[in-house]
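Please read the following points with the sequence and the structure open beside you.

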Amino acid sequence: MSKSSLIHSPNPKIDTSNGIEFGLYSLGDHLPNPHTKKRISAKERIQEIIELAKLAEDAGFDIFQLGESHQEYFISQSHLLILTAISKATKNIRLSSAVTTIGVLDPVRVYEDAATLDLISNGRMELIAGRASRFGSFELLGYNSVAYKELFEEKFELLLKLNEGERVTWEGEFRAPLNNALILPRPLKNHLPIWRG
């Protein structure tokens with residue numbers, strides 16, 4: 001069973017034939033030093049995250065995941081851009097969002113960015129699409145948090161549809177319809193592992 005098919009199965013089973021996998025995860029926290037009360041620059045914190053991923057690869061970890069957060073004490077608002085930089089600084093470790101807050105983003109744009117990252121990383125990208133854990137991102141990005149659940153479900157459904165092939169026809173409530181839209185670029189293996197987070 002492929003990883004991307006797990007989300008379609010009513011009783012998903014994880015393939016354990018390859019043993020246990022280990023990963024490292026960050027939400028991109030950008031907090032003041034508890035001792036000095038000072039915070040390093042955004043540039044320095046992003047470099048630390050890139051270095052952390054390199055160390056994870058050197059230590060033999062299987063995957064590095066970076067979440068997205070749109071708040072004051074985080075630096076990972078553009079987590080896919082940071083993962084792209086990590087892809088150029090590493091060779092083998094798999095890369096993943098953890099999570100991409102699909103409810104407040106356009107699935108077409110997310111798919112284009114993730115597919116591009118997959119090509120740059122030579123097929124190492126996985127996408128975990130989840131709900132926003134805080135409502136501030138809804139206001140910031142122009143969405144109504146009253147439709148929290150509905151936005152997520154519709155946009156996640158569209159994300160899966162985009163993964164099926166390069167031509168997509170789709171209609172929903174919260175986004176303009178797609179009529180035989182060409183979705184490019186395609187990932188290295190023509191589809192991405194997409195997980196529901």
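1. Before any pair of helices is compared, a definition is needed: an axis is a line fitted to C-alpha atoms, for helices over the stretch in contact, and an angle runs from 0 to 180 degrees between N-to-C directions. Helices (H or I, at least four residues) and strands (E, at least two) are DSSP runs, numbered from the N terminus.

2. A word on the source: this is a predicted model, in which local features need pLDDT of at least 70 and side-chain atom pairs count only at pLDDT 80 or more, while totals for chains, interfaces and linings use all residues. Residues are numbered from 1 along each chain as its sequence is written, and side-chain values use heavy atoms, with hydrogens and water left out.

3. The chain holds 5 helices and 8 strands, which follow one another from the N terminus in the order β-α-β-α-β-β-α-β-α-α-β-β-β. Of its 197 residues, 41% are buried, where buried means under 20% relative accessible area, exposed means over 50%, and partly exposed is in between (1.4 Å probe, protein chains only). If a contact is taken as heavy atoms within 4.5 Å, then 68% of the contacts with a separation of 6 or more are between residues 24 or more positions apart.

4. Helix α3 covers residues 107-120 and helix α5 covers residues 148-164, and their axes come within 9 Å and cross at roughly 45°. The two helices are therefore oblique to each other, given that angles under 35 degrees count as roughly parallel, over 145 as roughly antiparallel, 65 to 115 as roughly perpendicular and the rest as oblique. Where they touch, P107, V108, V110 and Y111 of α3 meet K155, L158, L159, L162 and N163 of α5. Sorted by class, this contact has 7 nonpolar, 1 polar and 1 charged residues, with Ala, Val, Leu, Ile, Met, Phe, Trp, Tyr, Cys and Pro counted as nonpolar, Asp, Glu, Lys and Arg as charged, and the others, Gly among them, as polar.

5. Helix α2 (residues 79-89) also meets α3, for their axes come within 9 Å and cross at roughly 10°. That angle makes α2 roughly parallel to α3. In this contact L80, L83, T84, S87 and K88 of α2 meet V110, D113, A114, L117 and I120 of α3, and the classes are 6 nonpolar, 2 polar and 2 charged residues.

6. Which residues of α3 are buried? They are P107, V108, V110, Y111, A114, A115, L117 and D118. As background, an α-helix has 3.6 residues a turn, so residues three or four places apart point the same way.

7. After α3 comes N122, whose phi is positive, near 60°, and N122 lies in the loop between α3 and β5 (125-130). With 60% relative accessibility, N122 counts as exposed. Another residue other than glycine with a positive phi is N180, near 55°, which has its place in strand β7 and, at 42% relative accessibility, counts as partly exposed.

8. Two peptide bonds deserve a careful look. The bond from A98 to V99 is cis, with omega near 5°, and V99 is in the loop between β3 (94-97) and β4 (100-101). The bond from L184 to P185 is cis, with omega near -5°, and P185 lies in the loop between β7 (178-182) and β8 (194-196).
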